[in-house]
Amino acid sequence: QVQLVESGGGLVQPGGSLRLSCTASGSFFSIADMGWYRQAPGKQRELVATITSDGTSNYADSMKGRFTISRDNAKNTVYLQMNNLKPEDTAVYSCNAAIARANGPVFVSVWGQGTQVTVSS
């Protein structure tokens, strides 16, 4: 069974920084796109950023310039560096990955449990 485990969330003051990590574990053949999404209380889940296996990244407009997504393919890990955090960034941040369990064209979408990020003074 494939699992994604996030870490790095917590409480931070406005203007502060956090770095989230998400590592895939279990039995699988390869990982294609990885990404971060977030869901604030009372709101729908929204895209934060995605990154392809060759490192091409994509960001939601409101995150550009403050958030940076990166990945270490050797460690099956994706990171999200968040700078200049604002109270409106408070949300549960979840990791997603398209994972192939065997050699072939079939990828399944796997989600992590999520990690809470709270921005407050």
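**Strand pairing and side-chain contacts in a predicted model**

The side chain of threonine 115 reaches the backbone nitrogen of glycine 9 at 3.3 Å. Such a polar contact is a pair of N or O atoms within 3.5 Å; within protein, one must be able to donate a hydrogen and the other to accept it, and residues adjacent in sequence count only if both atoms are side-chain atoms. The model is predicted: local features need pLDDT of at least 70, side-chain atom pairs count only at pLDDT 80 or more, and totals for chains, interfaces and linings use all residues. Residues are numbered from 1 along each chain as its sequence is written, and side-chain values use heavy atoms, with hydrogens and water left out.

Threonine 115 lies in strand 11. Strands (E, at least two residues) and helices (H or I, at least four) are DSSP runs, numbered from the N terminus. Threonine 115 is buried, with a relative accessible area of 11%. Buried means under 20% relative accessible area, exposed over 50%, and partly exposed in between (1.4 Å probe, protein chains only). Leaving aside neighbours within four places in sequence, threonine 115 is in contact with Glu6, Gly9, Leu20, Ala91, Val92 and Tyr93. Contact here means heavy atoms within 4.5 Å.

Strand 9 covers residues 91–100. Eight of its 10 residues are buried. Strand 9 pairs with strand 11 (residues 115–119) through three bridges, and the two run antiparallel. Two strands pair if DSSP finds at least two bridges between them. Valine 92 has glutamine 116 as its bridge partner in strand 11. Four bridges join strand 9 to strand 10 (residues 108–111), again antiparallel. There, alanine 97 is partnered by valine 110 of strand 10. Strand 4 (residues 30–39) is joined to strand 9 by eight bridges, also in the antiparallel sense. Serine 30 has alanine 100 of strand 9 as its bridge partner.

Strand 4 also pairs with strand 5 (residues 46–51). Five bridges link the two, in the antiparallel sense. Tryptophan 36 stands opposite alanine 49 of strand 5. The two strands form a hairpin with six residues between them. Glycine 42, in the turn, has a positive phi of about 75 degrees. Strand 5 continues the pairing with strand 6 (residues 57–59), antiparallel over three bridges. Alanine 49 faces tyrosine 59 of strand 6. Strands 5 and 6 form a hairpin too, with five residues between them. In this turn, glycine 55 has a positive phi of about 95 degrees.

The order of its four strands is 1-3-8-7, with antiparallel pairing. Strand 1 (3–7) and strand 7 (67–72) stand at the edges, each with a single partner strand, so one side of each is left without a neighbour in the sheet. The twist averages 15 degrees from one strand to the next. Axes are lines fitted to C-alpha atoms, for helices over the stretch in contact, and angles run from 0 to 180 degrees between N-to-C directions. Strand 7 pairs with strand 8 (residues 77–82) over six antiparallel bridges. Threonine 68 has glutamine 81 of strand 8 as its bridge partner.

Arginine 71 is placed in strand 7. This residue is buried, with a relative accessible area of 16%. Not counting residues up to four places away in sequence, arginine 71 touches Ile31, Ala32, Asp33, Met34, Ile51, Thr52, Ser53, Thr77, Val78 and Tyr79. A polar atom of its side chain lies 2.7 Å from the backbone oxygen of alanine 32. A polar contact of 2.7 Å also joins the side chains of arginine 71 and asparagine 73. Arginine 71 and serine 53 are 18 residues apart in sequence but 8.2 Å apart in space, C-alpha to C-alpha.

Alanine 32 is found in strand 4. Leaving aside neighbours within four places in sequence, its contacts are Ile51, Thr52, Ser53, Arg71, Ala98 and Phe107. Alanine 32 and asparagine 73 are 41 residues apart in sequence and 9.9 Å apart in space, C-alpha to C-alpha.

Two arginines lie over aromatic rings. Arginine 19 lies over the face of tyrosine 79, at 4.0 Å from the ring centre. The charged end of arginine 45 sits over the ring of tryptophan 111, 3.8 Å from its centre. A charge sits over a ring if NZ of Lys or CZ of Arg is within 6 Å of the ring centre and within 35 degrees of the ring normal.
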